[in-house]
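Hi,

Here is the structure I promised to hand over.

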Amino acid sequence: MDPRAWRRFKKNKGALFGAVLVIFVTLLGALGPLVAPHDPNEQSRDVLLRDDGTPLGPTWDRAEGEPAEGHLLGGDTVGRDELSRLLHGGRVSMQVAYFATAIAVFLGLFVGVSSGYFGGAYDFAVMRLVDVVLSIPFLLIAITIQRVVDTPALWALFVLLGFLSWTTLARVTRSKTLQVRELEYVQAARALGMSEARVLLRHVLPNVLGPAIVIGTTLVAQMIIVESAMSYLGLGVQPPNASWGSMLREGQEMMGSANRLMVFPAVLIVMTVFGFNLMGEGLRDAFDPKD
Amino acid sequence: MTQYVLKRIFWALFVVAAVITGVFVLMFGFGDPAQATLPRAGPEQLEDFRRKQGLHESLTVQYLSYLGVTPCVREASPKWNEDESKREHCGLLQGDFGESYGHKEPVARVVWQRLPRTLLLSGIALTIEIILGLLFGILAATKKNSWFDTGFMASAFLGISLPTFVTGPIFLLVFAFLYGWFPVGGYGVDFWDHVYHALLPAFTLAIVGAATYARIMRSEMIETLRSDYIRTAKAKGLSHFQVVVKHGVRNALLPIVTLMGLSMAILVSGAIITENIFAWPGMGSLAIESIHNLDAPTVLAVVLIFSITVQIGNLLADIAVAYLDPRVRLGG
């Protein structure tokens with residue numbers, strides 16, 4: 001990869017800020033559950049719910065007689081520890097986003113490079129498939145499949161999202177591969193008898209890696225949005241598992257009496273999406289410094 | 001040009017057919033709509049329901065009947081008859097979407113009631129989107145690198161990172177719940193009341209689009225304002241306003257037209273979420289409700305209408321591009 005790209009990236013303050021946000025939320029997802037003080041699904045109604053049914057507030061906002069220590073952010077709608085749910089929900093959201101993106105990037109690279117390199121009927125068929133997948137109402141179809149499959153298993157969700165999201169990258173890598181294939185040094189390598197696999201690995205792949213990284217980064221942001229949207233609609237991550245999207249939905253029911261339950265997950269989602277978008281934009285400028 | 005358009009229409013029809021077939025197989029082949037509709041029913045009731053809705057037939061038979069190629073298999077349909085030879089067709093080709101399991105009335109009637117509401121909401125959203133997007137994009141471009149431009153571009157970037165399911169509840173909290181400027185959701189009683197109820201959800205729906213339009217409009221305008229004919233227009237002594245509006249905007253608008261077609265898909269998925277946040281009883285709410293209950297005929301109708309909307313959007317975008325760029329229609 002181009003060392004100049006890295007230098008340009010380092011000079012871009014917005015991109016660096018994005019990268020900091022990305023590292024922060026990634027660590028949150030990786031380590032959050034390890035430092036979570038309580039079981040995220042355990043209901044302690046006697047401690048975390050007040051007599052009128054409203055959840056206990058965060059430590060800085062508690063009435064007299066209420067426990068002053070422990071449960072830093074208070075409880076949620078049914079008396080579970082809010083902080084622990086946010087930390088565990090973060091892992092769920094990040095896991096789905098990262099794994100779905102990994103599947104999409106792998107598929108996109110494979111399909112894009114192979115159809116660009118080999119061409120012919122295979123290329124034609126694959127690109128028509130891309131056209132179809134690109135023009136279906138994404139969210140609607142994802143929700144429908146998720147509802148019919150009806151499993152609480154997390155992997156089903158990220159496999160589904162991955163298999164619906166590889167198309168943009170496939171298109172981009174295909175056209176990049178078409179360009180690279182015609183370059184003289186690639187032609188020379190083939191003429192000298194280098195095997196197809198080696199040409200692909202040594203010459204084609206390094207050239208499509210840039211766009212793959214850029215698209216992959218913004219794809220994580222999109223996956224976070226889709227997963228949260230699905231969970232918000234009640235058709236994504238299934239209860240009792242927490243996800244930031246489903247927590248936002250539950251928090252909305254307490255609007256007016258416990259607004260923080262809505263605000264906490266909302267802030268985390270926006271921070272994550274903003275971070276990945278910002279970093280993606282920075283990477284795009286770094287790899288492709290036309291403007 | 002005609003040939004190109006025909007080819008594109010054919011392709012659009014193919015995609016819609018592929019999507020409908022896929023969802024049909026998903027719903028009837030993998031899901032169990034009878035069980036989902038009557039969760040507490042005994043085996044006899046389930047069997048009765050399956051006969052009434054034609055679910056006892058094989059997937060292929062159901063599919064052909066759903067398309068309207070073969071006679072009706074749903075005993076509940078008025079087109080069905082005890083005598084097999086007297087059965088009429090009751091499928092898509094006859095404009096029959098079947099009967100909604102949840103609403104207990106023809107799907108067509110449910111959709112007919114819901115569709116105008118979603119069109120009203122998306123129409124208002126699209127208007128807000130375009131007015132805000134173009135206005136701010138043009139202003140930012142003419143004041144390039146000023147504090148306005150920088151601040152505005154930063155907020156537009158934040159704007160594209162704000163999902164509707166985050167902004168929606170926050171708007172609801174602030175403008176409806178705390179300040180009481182808008183209703184907390186619902187649909188209202190007469191036309192102007194509908195519009196009033198639609199404003200907050202439409203604004204929610206419009207944010208991402210407005211930010212996108214503004215970003216593209218800005219870069220297009222900057223590009224256009226740099227070109228030779230703009231310099232000529234200025235040299236001729238036209239006022240700044242005339243140069244920007246008459247010569248600049250008109251040419252920078254072309255990519256926006258394309259984007260408008262492509263943004264149908266975004267508007268559709270946005271409507272699904274926004275309608276659910278604000279309890280707006282349109283197609284988006286219908287989509288979630290019917291998917292939740294595995295109300296298969298309704299799901300299929302919703303998917304069909306949304307797919308057609310997206311395809312029309314893509315089609316218009318492609319035709320616009322082909323019209324503007326001869327290379328596309330001749331090469332493709």
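First, the ground rules. This is a predicted model, where local features need pLDDT of at least 70, side-chain atom pairs count only at pLDDT 80 or more, and totals for chains, interfaces and linings use all residues. Residues are numbered from 1 along each chain as its sequence is written, chains are lettered from A and ligands numbered from 1 in the order in which they are written, and side-chain values use heavy atoms, with hydrogens and water left out.

**The chains**

Chain A has 12 helices and zero strands, and chain B has 14 helices and zero strands. Here helices (H or I, at least four residues) and strands (E, at least two) are DSSP runs, numbered from the N terminus. The C-alpha trace of chain A spans about 85 × 45 × 30 Å along its principal axes; for chain B the spans are about 85 × 55 × 35 Å.

**Where the chains meet**

How many residues does each chain bring to the contact? Chain A gives 36 residues and chain B gives 42, with contact meaning heavy atoms within 4.5 Å. Between them the two chains bury about 3400 Å², and 82% of that is on carbon and sulfur atoms. (Buried area is the accessible area, with a 1.4 Å probe, that two parts lose on being put together, summed over both.) On the chain B side, B:Phe157, B:Phe165 and B:Ile291 supply 18% of the area that chain B buries against chain A, more than any other three residues.

The rule finds one salt bridge across this interface, that is, a side-chain nitrogen of Lys or Arg within 4 Å of a carboxyl oxygen of Asp or Glu. The side chains of B:Arg215 and A:Glu281 meet in a salt bridge at 3.3 Å, N to O.

**Helix pairs in chain A**

Helix 2 (residues 13–35) of chain A packs against helix 12 (residues 260–287) of chain A at about 135°, with the axes 7 Å apart. Axes are lines fitted to C-alpha atoms, for helices over the stretch in contact, and angles run from 0 to 180 degrees between N-to-C directions. That angle makes helix 2 of chain A oblique to helix 12 of chain A. (Under 35 degrees counts as roughly parallel, over 145 as roughly antiparallel, 65 to 115 as roughly perpendicular, and the rest as oblique.) Their crossing is left-handed; the term applies if the near helix is turned anticlockwise from the far one by less than a right angle, and right-handed applies if clockwise. By class, this contact has 14 nonpolar, five polar and no charged residues. Ala, Val, Leu, Ile, Met, Phe, Trp, Tyr, Cys and Pro count as nonpolar, Asp, Glu, Lys and Arg as charged, and the others, Gly among them, as polar.

Helix 6 (residues 138–149) of chain A and helix 10 (residues 196–232) of chain A have axes 11 Å apart and an angle of about 55°, so these two are oblique as well. Helix 6 of chain A passes helix 10 of chain A in a right-handed crossing. A:Phe138, A:Leu139, A:Ala142, A:Ile143 and A:Gln146 in helix 6 meet A:Met223, A:Val226, A:Ala229 and A:Met230 in helix 10.

**A helix pair in chain B**

The axes of helix 7 (residues 164–178) of chain B and helix 11 (residues 264–277) of chain B come within 9 Å and cross at roughly 25°, so the pair is roughly parallel. The crossing is right-handed. B:Phe165 turns up again here: with B:Thr164, B:Gly168, B:Pro169 and B:Leu172 in helix 7, B:Phe165 meets B:Ile273, B:Thr274 and B:Ile277 in helix 11.

Cheers
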